[in-house]
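Here's a quick briefing for anyone opening this structure for the first time. Take a look at the picture, then read on.

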Amino acid sequence: MITAQVTDSAISAEALAAQVKSYAAGAVVTFSGDVRNHDQGKAVTSLNYEVHPSAQSVIQKITNEVCAKHEVINVAVAHRYGAIPIGESAFVVAVAAAHRGAAFAACNELVDRVKAE
């Protein structure tokens with residue numbers, strides 16, 4: 001199962017980890033990019049992400065490409081848009097694989113590529 005979503009609803013690493021969990025997986029790796037209260041020495045009170053019309057298709061494409069490169073079982077990616085309060089997640093990735101190396105590699109590549117692209 002591979003899912004990628006762009007949403008204005010709250011997202012969490014725990015929810016995505018539960019979604020990808022499998023008896024075939026020996027590893028579940030998650031990443032949660034959370035809104036912090038500072039940026040480059042300045043206070044931050046909230047974050048507001050605008051969504052590009054192609055965001056869903058771009059994140060789905062990246063997710064499919066990364067999954068094809070790594071031996072993963074299940075992957076879930078979610079990027080939130082709109083007003084996101086301090087402490088809440090803006091971007092979450094969960095990867096289940098038989099072994100930790102593949103899970104970490106896929107998770108790391110997903111985070112880097114989505115941020116870059």
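Two strands pair if DSSP finds at least two bridges between them. Helices (H or I, at least four residues) and strands (E, at least two) are themselves DSSP runs, numbered from the N terminus. What you're looking at is a predicted model, where local features need pLDDT of at least 70 and side-chain atom pairs count only at pLDDT 80 or more, while totals for chains, interfaces and linings use all residues. Residues are numbered from 1 along each chain as its sequence is written, and side-chain values use heavy atoms, with hydrogens and water left out.

**Strand 8 and its partners**

- Strand 2 and strand 8 run antiparallel and are joined by eight bridges.
- In that part of the model, aspartate 34 stands opposite serine 89 of strand 8.
- Strand 8 also pairs with strand 6, again in the antiparallel sense, over six bridges.
- Here alanine 78 is the residue that stands opposite valine 92 in strand 8.
- Nine of the nine residues of strand 8 are buried, so the strand is largely enclosed by the rest of the structure; buried means under 20% relative accessible area, exposed means over 50%, and partly exposed is in between (1.4 Å probe, protein chains only).

**Helix 3**

- Helix 3 covers residues 100–116, which makes 17 residues.
- From first C-alpha to last it reaches 24 Å, close to the 24 Å expected at 1.5 Å a residue; that expected span is 1.5 Å times one less than the number of residues.
- Its buried residues are Ala103, Ala106, Cys107, Glu109, Leu110, Val111, Arg113 and Val114.
- Those buried residues pack against strand 2 (27–34), helix 2 (55–69), strand 6 (74–80) and strand 8 (89–97).

**The nonpolar cores**

- A nonpolar core is a set of buried Ala, Val, Leu, Ile, Met, Phe, Trp, Tyr and Cys residues joined through side-chain atoms within 4.5 Å.
- The largest one has 19 residues, and those with the most contacts inside it are Val75, Val77, Phe91, Val93, Val95, Ala103 and Leu110.
- Two or more residues come from each of strand 2, helix 2, strand 6, strand 8 and helix 3, and helix 3 gives the most, with six residues.
- Apart from this core lies another, of ten residues, with Ile11, Val20, Val92 and Ala94 among them.
- Valine 77 has contacts (heavy atoms within 4.5 Å) with residues including Leu16, Ile59, Phe91, Val93 and Leu110, not counting residues up to four places away in sequence.

**Salt bridges**

- The whole structure has six salt bridges, each a side-chain nitrogen of Lys or Arg within 4 Å of a carboxyl oxygen of Asp or Glu.
- Glutamate 109 and lysine 69 form one of them (3.0 Å, N to O).
- Since glutamate 109 lies in helix 3 and lysine 69 in helix 2, the pair ties together parts that are 40 residues apart in sequence.
- Glutamate 109 is buried at 16% relative accessible area, whereas lysine 69 is exposed at 56%.
- Arginine 113, in helix 3, meets glutamate 117 in a salt bridge (2.8 Å, N to O).
- Arginine 113 is buried at 18%, while glutamate 117 is exposed at 52%.
- Lys61, Glu65, Arg113 and Glu117 are linked in a network of salt bridges.
- Arginine 36 and aspartate 39 make another salt bridge (3.1 Å, N to O); arginine 36 is partly exposed at 46%, and aspartate 39 is partly exposed at 36%.
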